[in-house]
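User: Please go through the labels used for this structure and say what each one rests on.

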Amino acid sequence: MYKLCEFKQLVKDFSDVADFLVVYIAEAHSTDGWVFANNVDITKHQNLEERLTAAQFLVKEDPLCPIVVDVMKDTTASKYGAIPERLYVLQAGKVVYKGKMGPRGYSPEEVCSFLEKMK
């Protein structure tokens, strides 16, 4: 949830120049897949209902912006190369900032620097 805290700070700091959205995609660390200690108990989604239910864990953390859920064909994750996570900035429907793939490339600091220039 550390990354969520960083993301929330971005939303707080830049809501005057940007709209934020979280897209919940396939669970990267499902309990019946590649699991690690202290993770939430989410199994691999078998259908959209299960994915919507799993997204509720994120809703409870209140990321301060809307949350949408990717379809079961993982269209958004595939088109944006977002597995397991990635930050983007779009302007007028075009990608103007494409962050590196997470988890190592996930950098709210880079997005912060980019958005500072938009103020």
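Analyst: A charge is said to sit over a ring if NZ of Lys or CZ of Arg is within 6 Å of the ring centre and within 35 degrees of the ring normal. Lys60 lies over the face of Phe57, at 5.9 Å from the ring centre. The model is predicted, so local features need pLDDT of at least 70 and side-chain atom pairs count only at pLDDT 80 or more, while totals for chains, interfaces and linings use all residues. Residues are numbered from 1 along each chain as its sequence is written, and side-chain values use heavy atoms, with hydrogens and water left out.

User: How many aromatic pairs does the structure hold, and why is the pair of Tyr80 and Tyr88 called edge-to-face?

Analyst: There are three aromatic pairs. In the pair of Tyr80 and Tyr88, the ring centres are 4.9 Å apart and the planes meet at 85 degrees. Rings of Phe, Tyr and Trp (its six-membered ring) pair if their centres lie within 6.5 Å; planes under 30 degrees apart are stacked, over 60 edge-to-face, and the rest tilted. The pair is therefore edge-to-face.

User: What makes the pair of Tyr97 and Phe114 tilted, and which parts does the pair tie together?

Analyst: The centres of Tyr97 and Phe114 are 5.5 Å apart, with 45 degrees between the planes, and the pair is tilted. Tyr97 belongs to strand 4 (residues 94–98) and Phe114 to helix 4 (residues 108–116), so the pair links parts 17 residues apart in sequence. Helices (H or I, at least four residues) and strands (E, at least two) are DSSP runs, numbered from the N terminus.

User: Why does Glu6 count as buried, and which residues does Glu6 touch?

Analyst: Glu6 lies in helix 1 (residues 2–14) and counts as buried because its relative accessibility is 17%. Not counting residues up to four places away in sequence, Glu6 touches Tyr106, Pro108 and Glu109, where contact means heavy atoms within 4.5 Å.

User: Where is Ser107 found, and what is its relative accessible area?

Analyst: Ser107 is in the loop between strand 4 and helix 4. Its value is 14%, so Ser107 is buried. With neighbours within four places in sequence left aside, Ser107 is in contact with Leu87 and Tyr97. Pro103 lies in the loop between strand 4 and helix 4 too, and the peptide bond from Gly102 to Pro103 is cis, with omega near 5 degrees.

User: What is phi of Asp62, and what is phi of Asp74?

Analyst: Asp62 has phi near 50 degrees, a positive value in a residue other than glycine. Asp62 sits in the loop between helix 2 (48–60) and strand 2 (67–69) and, at 43%, is partly exposed. Asp74 has phi near 60 degrees, again positive in a residue other than glycine. Asp74 is in the loop between strand 2 and helix 3 (75–80) and counts as buried because its relative accessibility is 18%.

Terms used
Buried < 20%, exposed > 50% of the residue type's maximum accessible area, 1.4 Å probe, protein only.
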